[in-house]
Amino acid sequence: MTALLALIVGLLLRLAVPIAITALLIFFLRKLDAHWQAEAQLAEPAAQDINCWEIKGCPPEQRENCVASKSNIPCWQVKRLPNVYLREECLSCEVFTEAPIPDLKTEPKRI
């Protein structure tokens with residue numbers, strides 16, 4: 001009887017402990033993911049603070065045909081090359097060089 005009890009306890013320890021650890025890990029990772037999702041929803045998307053058509057002085061006809069004026073994405077992002085590189089003209093453009101640098105959060109937040 002004690003041998004059977006020892007076998008059952010051994011199997012439970014062998015199976016239950018890893019399953020319990022895995023369940024706890026899943027619980028904490030889901031909680032962390034929910035926290036990150038909520039934080040991402042609170043963060044506003046980076047809006048284009050500088051309107052390139054105002055700086056470049058584009059006429060209204062040209063602005064109507066411009067893809068960048070119809071989106072909330074900065075013009076250098078809209079006009080990227082197929083290989084995802086920036087165009088040469090964008091690197092020296094005043095709109096690109098004067099654009100604000102995105103704010104990065106470096107301090108850890110408590111859950």
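Q: Does leucine 12 count as buried or exposed?
A: In this predicted model, local features need pLDDT of at least 70, side-chain atom pairs count only at pLDDT 80 or more, and totals for chains, interfaces and linings use all residues. Residues are numbered from 1 along each chain as its sequence is written, and side-chain values use heavy atoms, leaving out hydrogens and water. The relative accessibility of leucine 12 is 54%, so this residue counts as exposed (over 50%; buried is under 20%, partly exposed in between; 1.4 Å probe, protein chains only).

Q: In which helix is leucine 12?
A: Helices are DSSP runs (H or I, at least four residues), numbered from the N terminus. Residues 2–42, with leucine 12 among them, form helix 1.

Q: What angle lies between the ring planes of tryptophan 76 and phenylalanine 96?
A: The whole structure holds 2 aromatic pairs (ring centres within 6.5 Å; planes under 30 degrees apart are stacked, over 60 edge-to-face, the rest tilted; Trp counts by its six-membered ring). One is phenylalanine 27 with phenylalanine 28, edge-to-face at 5.2 Å centre to centre and 70°. For tryptophan 76 and phenylalanine 96 the centres are 5.2 Å apart, and the pair is edge-to-face because the planes stand at 80°.

Q: How many residues separate tryptophan 76 and phenylalanine 96?
A: Tryptophan 76 is buried at 12% relative accessible area, whereas phenylalanine 96 is partly exposed at 26%. Their pair links distant parts of the chain, helix 4 (residues 75–78) and helix 6 (residues 94–97), across a separation of 20 residues.

Q: What is the C-alpha to C-alpha distance between proline 74 and valine 95?
A: Proline 74 lies in the loop between helix 3 (60–65) and helix 4, and its relative accessible area of 15% makes it buried. Proline 74 and valine 95 are 21 residues apart in sequence, and their C-alpha to C-alpha distance is 8.9 Å.

Technical notes: Helices (H or I, at least four residues) and strands (E, at least two) are DSSP runs, numbered from the N terminus.
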